[in-house]
Amino acid sequence: SAWLEALGYPDAAELICRHHDHDGAELDAAGIVCLADKLVLGDRRCTIKERFDASAAKCRTPEQREIHALRRKSAERLARLAEKRGIKYEKTS
């Protein structure tokens with residue numbers, strides 16, 4: 001994010017820093033970035049389930065598995081908040 005700040009984008013840098021561990025409590029700008037990030041796997045769109053199922057194997061310790069589960073719950077909360085606002089997103093093939 002330091003390079004974004006150096007390029008004159010401090011707001012974008014802050015969003016990117018905050019999106020990874022968003023708590024999912026509100027659909028703010030960082031939450032939207034978080035949700036968008038969790039709906040992509042590699043270079044294709046995916047579901048939250050697909051994204052987290054694919055990354056679960058990397059979690060080798062109980063602490064990593066706990067963080068993984070918290071991030072998944074956050075993404076699911078953000079998806080519900082988006083749906084309540086009428087935002088529809090669908091996986092495309």
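Is Cys17 buried or exposed? In this predicted model, Cys17 is exposed, with a relative accessible area of 51%. The cut-off for this class is a relative accessible area over 50%. The sulfur of Cys17 lies 13 Å from the closest cysteine sulfur, which belongs to Cys34. A disulfide requires the two sulfur atoms to be within 2.5 Å, and the separation of Cys17 from Cys34 is therefore too far for a bond. The structure accordingly holds 0 disulfides. Cys46 is likewise in no disulfide, the nearest cysteine sulfur being that of Cys34 at 13 Å. Cys46 counts as buried, at 4% relative accessibility.

The overall fold was examined next. The chain contains 5 helices and 2 strands, which follow one another along the sequence in the pattern α-α-α-β-β-α-α. Along the principal axes, the C-alpha atoms fill a box of roughly 35 × 35 × 30 Å. Of the 93 residues in the chain, 27% are buried. Among contacts with a separation of 6 or more, 44% are accounted for by residues 24 or more positions apart.

The largest nonpolar core has 10 residues, namely Leu27, Cys34, Leu35, Leu39, Ile48, Phe52, Ala75, Leu78, Ala79 and Ala82. Helices H3 (29-38), H4 and H5 each give two or more residues to this core, and H5 provides the largest share, with 4 residues. Cys34, the residue whose sulfur is closest to that of Cys17, is a member of this core. Leu27, also a core member, touches Ile32, Leu78, Leu81, Ala82, Arg85 and Ile87 when residues up to four places away in sequence are not counted.

Lys38 is found in helix H3. Despite being a charged residue by class, Lys38 is buried, with a relative accessible area of 4%; the cut-off for burial is under 20%. With neighbours within four places in sequence left aside, Lys38 is in contact with His20, Cys46, Thr47, Ile48, Arg51, Phe52 and Ala75.

Helix H4 (48-55) and helix H5 (62-84) are the elements that give two or more residues to the lining. By class, the lining residues divide into 5 nonpolar, 4 polar and 4 charged.

Pro10 is located in helix H2, which spans residues 10-19. At 46% relative accessibility, Pro10 counts as partly exposed. Leaving aside neighbours within four places in sequence, Pro10 is in contact with Leu4 and Glu5. The C-alpha atoms of Pro10 and Ala69 are separated by 30 Å, the two residues being 59 residues apart along the chain.

Technical notes: Residues numbered from 1 in each chain as written. Predicted model: local features only at pLDDT ≥ 70, side-chain atom pairs only at ≥ 80, totals over all residues. Heavy atoms only, no water. Buried < 20%, exposed > 50% of the residue type's maximum accessible area, 1.4 Å probe, protein only. Core = buried A, V, L, I, M, F, W, Y, C linked by side-chain atoms within 4.5 Å. Contact = heavy atoms within 4.5 Å.
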